[in-house]
Structure formats: structure tokens, C-alpha cells
Amino acid sequence: MKVLFLGDVVGKSGCEFVLKHLGSLKKLYGVDACIINGENSAEGNGITPESAKMLFDAGADVITSGNHVLKRREIYPELDRENGIIRPANYHISAPGTGVFILDKLRWQLCVINLQGQAGMEPCSNPFEKIDSLLKEISVKNIVVDFHAEMTSEKKAMGYYLDGKVSAVVGTHTHVQTADERILPNGTAYITDAGMCGGQNSVLGVKKEIILHRFLTNLPVRFEYDHENIEMNAVLITIDQSSGKAQQIERICLSD
């Protein structure tokens, strides 16, 4: 099984780039399932029904998210429908939606789990304890975890914690694709961050001039996404369906 995971999609231009290129990319690599982190896919951050539809139309099977997912209330009904858009599983029980989605293609199943880190992030329950409780209830062998976290140390720790228990742990949130992709000793594919689909000359997808002004003046600014020179960061993970072990992980970077 080949699973393509796209890093955080940023704004309308990121969605449009994915819509333009994802189909040919899936065909080129023979992709069986596609997971996209869409928590910044709406203009101004968050995710809306419109931005989610663009990602599904592009070829996403599952849309994961993170700390911005609940900022746009119009997405709440979509989360509650459990149609493939998930939020971190370690949010409070009162939060709309769920943190687990099982993609069932009859001849194979893929479980996607979304978690959020605690270090440097908004308060949420312990992701290590939450994943333990979730795995006790899941019988699917092929499992991909989107760990949306700030600290590289917390992401690395989660990778080792889940080594041999899931097929892959893919870090998101920091928008910079890391070069540490590997298969861990017990068969779990790991990368600290998948990167983003956004402006190549931006600062994490935001216009660099805005961020420079913020750092130079320490004054509040209104973020605007950079819509020029879009690049797509992703990882391709090959999983042995019979064992759920990862066989290969490969970084992908595509730009116009």
C-alpha cells in the first residue's frame, strides 16, 4: 500500500496548487490513499467547508488538522458528520468531530489518527496516554498518525513511543519539511515534519515582509498568505498490508 501525505496546505493558493497537481502525482507514484493536513487551508487560517471540498476534489481521502481547526465554526457540522475530516483526538470530549477515521476500500483498510502535542501549544490532554487508549480499540493493522506538534523533541519521542505499534508517524504544524525521514527499528515510518503546501518565498506561508515587520518592531500584524511561487511538500509511505509495517518513506517536493 502506498500512502501519500501532504503537509499543511496554506490558503486558497495552496488548495489550488494541490487541485492542479495532486492527480498527476498520485498517478505517477501509484498512490492508494492520500492524507492532507488542511488546518490552514482557509484564508486567514483554519478550515472551511469550501477549502475542505477543494482538497477532497483534488484527491484527498482523509483531511487531518491541528490547533486552528476549531477557529472557523462553519466547519463544525462537517466535523460531526465524520466524513473524512478529523481533528486532534486528544481534544476535550465536547469538541465537535473525532480524531480517528478508518478508510475502508474493502480489499484494505487504513486508519488515520490525528493528535496534537502539548509543548508550546494550546492546552489539550496527554497525546501519549490518548494514543494508548485508542490503539486498544483499533483492530486495523495499517495506521498513520498525524502528530501536530511544535517541539521536535516531542515529535521524536512520539515516533519512538509508537515504533512497532503503528505504520507511520508524520509530524505537522511547523511548515518546514525536515530531512530525517526513516524507518524506525521496529518498522514505523517517521518524519519530524512533512512541510507545507504554500509560498516558497514566504515565512511558513505568510508574506515575509509582514513577518519581518513583526520581528523588527514587536508590533502586532495581520497575517496575509503569500500566493506566489507555491510549492508542495509531501511524503510517500509504502506499507506492507499484511503486517502494517512500513517498508519505505520518501520525501517529495513539487513546485512550478
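Aspartate 57 and lysine 53 form a salt bridge in which the closest N and O atoms are 2.8 Å apart. The structure is a predicted model.

**Salt bridges**

- The count of salt bridges comes to 8.
- Aspartate 57 and lysine 53 are 4 residues apart in helix H2, so about one helical turn separates them.
- Aspartate 57 has a relative accessible area of 49% and is partly exposed.
- Another salt bridge joins the side chains of arginine 107 and aspartate 32, at 3.9 Å from N to O.
- Arginine 107 sits in the loop between strands E5 (100-104) and E6 (109-116), and aspartate 32 in the loop between H1 and E3, so this pair ties together parts that are 75 residues apart in sequence.
- Arginine 107 is exposed, at 61% relative accessibility, whereas aspartate 32 is partly exposed, at 27%.
- Glutamate 209 and lysine 208 also form a salt bridge, with their closest N and O atoms 3.6 Å apart.
- Glutamate 209 is partly exposed at 48% relative accessibility, and lysine 208 is partly exposed at 36%.

- Strand E1 (residues 2-6) runs antiparallel to E12 and is joined to it by 5 bridges, with leucine 6 opposite alanine 234.
- Strand E11 (residues 196-199) pairs with E12 in the antiparallel sense over 3 bridges, and cysteine 197 stands opposite methionine 232.
- Strand E13 (residues 246-255) pairs with E12 over 9 antiparallel bridges; here isoleucine 237 has isoleucine 249 as its bridge partner.
- E12 and E13 make a hairpin with 6 residues between them, and glycine 244 in the turn has a positive phi of about 80 degrees.

**Nonpolar cores**

- The largest nonpolar core has 31 residues, and those touching the most other members are Leu4, Leu6, Val18, Leu22, Ile36 and Leu55.
- E1, helix H1 (11-29), strand E3 (33-37), helix H2 (49-58), helix H3 (76-81) and E12 each supply at least two residues of this core.
- H1 gives the most to this core, with 5 residues.
- A second, separate core has 23 residues, including Val3, Trp108, Val235 and Ile237.

Terms used:
Residues are numbered from 1 along each chain as its sequence is written. This is a predicted model: local features need pLDDT of at least 70, side-chain atom pairs count only at pLDDT 80 or more; totals for chains, interfaces and linings use all residues. Side-chain values use heavy atoms; hydrogens and water are left out. Two strands pair if DSSP finds at least two bridges between them. A nonpolar core is a set of buried Ala, Val, Leu, Ile, Met, Phe, Trp, Tyr and Cys residues joined through side-chain atoms within 4.5 Å. Buried means under 20% relative accessible area, exposed over 50%, partly exposed in between (1.4 Å probe, protein chains only). A salt bridge is a side-chain nitrogen of Lys or Arg within 4 Å of a carboxyl oxygen of Asp or Glu.
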